[in-house]
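Colleague: I'd like a close look at one part of this model. Please keep it brisk, and give the cut-offs.

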Amino acid sequence: MNEKTAEHLVHVLSTDLRDSVKFNLSDRIQKLPLTGFHSFANGKPCMGAFKVNRVQSESLWVLVIDWRGNGNFYVVIYPEDHNLAPIAELHNVRERQDSIDLVWKYIPRKRDEFNEERKKAFIYGVGGTEYVVSLPGSSVTVDDFLNGLFTLAAVRVAADERETVALPEEVSDEMWEGGRQSVTVNRYERNAVARAECIEQHGSACAICGFDFGKVYGGNFNGFIHVHHKTPLAEVNARYRVDPINDLIPVCPNCHAVIHYGNKTRSVEEVRQLLADPQPNDGA
């Protein structure tokens, strides 16, 4: 990104984080360029180095830095221990009408026979080998931006270890669902068994648009699909026994995004209707 865009990002991280309920600024390095950080970052033109903490969870370092010394500023994510290697360097810009996006592609670091497995793990987490993080702007909050970075970091680290990370709306862990936990904000118990039973019953094609990853991308992607809770877990305060057949439904990432777009939760029937008969902008 250019210098002007980088300056705006640094300003937003410096000011808007004060009002965030999901993230806080736990440290900021004022003396720049960096020294005593990581060898890849030390001495390079750097506009900002922020240690961001997700409430009751992990911390990441977010650098806005001229990574190659050519005037193209990167967003570089480092783990809390900044002596370790960076997690991701984002710099490919895609401008849209209402946002500026940074597009990052997953390429495994190791050179062994397990890299296809690592790619599958990353694809399972975010739906493809490319991941898009939108910069804060008129339609993107600083929380949206940071949530994108933290998601990328979690899925990338897991994929490197040939593990998978479920997206927030997906199902994992316990058979009993709901029940707020105090470990992290808005974290719920979820269930991998329920997910499997849902897909066994309903199939792995999107129940809204019919998209099937296996048919489009090949056999390696058979069975990949998001699982959506018809009743959002955020609205469930008591623990309940999940019914994989009646409570859950398979949806593709695009339809899943539409279900939750604009801080709403649309029904499957509503999204089917939108697909069949798109409506003009209603301010959603």
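How many of the 19 residues of helix α3 are buried?

Modeller: 15 of the 19, and α3 is mostly covered. Buried means under 20% relative accessible area, exposed over 50%, partly exposed in between, with a 1.4 Å probe and protein chains only. The model is predicted: local features need pLDDT of at least 70, side-chain atom pairs 80 or more, while totals for chains, interfaces and linings use all residues. Residues are numbered from 1 along each chain as its sequence is written, and side-chain values use heavy atoms, without hydrogens and water.

α3 spans 27 Å from first C-alpha to last, close to the 27 Å expected. That expectation is 1.5 Å times one less than the residue count. Helices (H or I, at least four residues) and strands (E, at least two) are DSSP runs, numbered from the N terminus.

Now the packing. Strands β7 (residues 100–105) and β8 pair antiparallel over five bridges. α3 (residues 142–160) packs on their sheet, touching β7 and β8, and its direction makes about 155 degrees with that of β8. Contact means heavy atoms within 4.5 Å. Axes are fitted to C-alpha atoms, for helices over the stretch in contact; angles run from 0 to 180 degrees between N-to-C directions. Pairing takes at least two DSSP bridges.

α3 also reaches β1. The structure holds 12 aromatic pairs. One of them is Phe 23 with Phe 150, tilted, 5.2 Å centre to centre and 45 degrees between the planes. Phe 23 lies in β1 (residues 23–28) and Phe 150 in α3, 127 residues apart. Rings of Phe, Tyr and Trp (its six-membered ring) pair with centres within 6.5 Å; under 30 degrees is stacked, over 60 edge-to-face, the rest tilted. Phe 23 is buried at 2%, Phe 150 at 0%.

Just after α3, Arg 162 has a positive phi of about 60 degrees.
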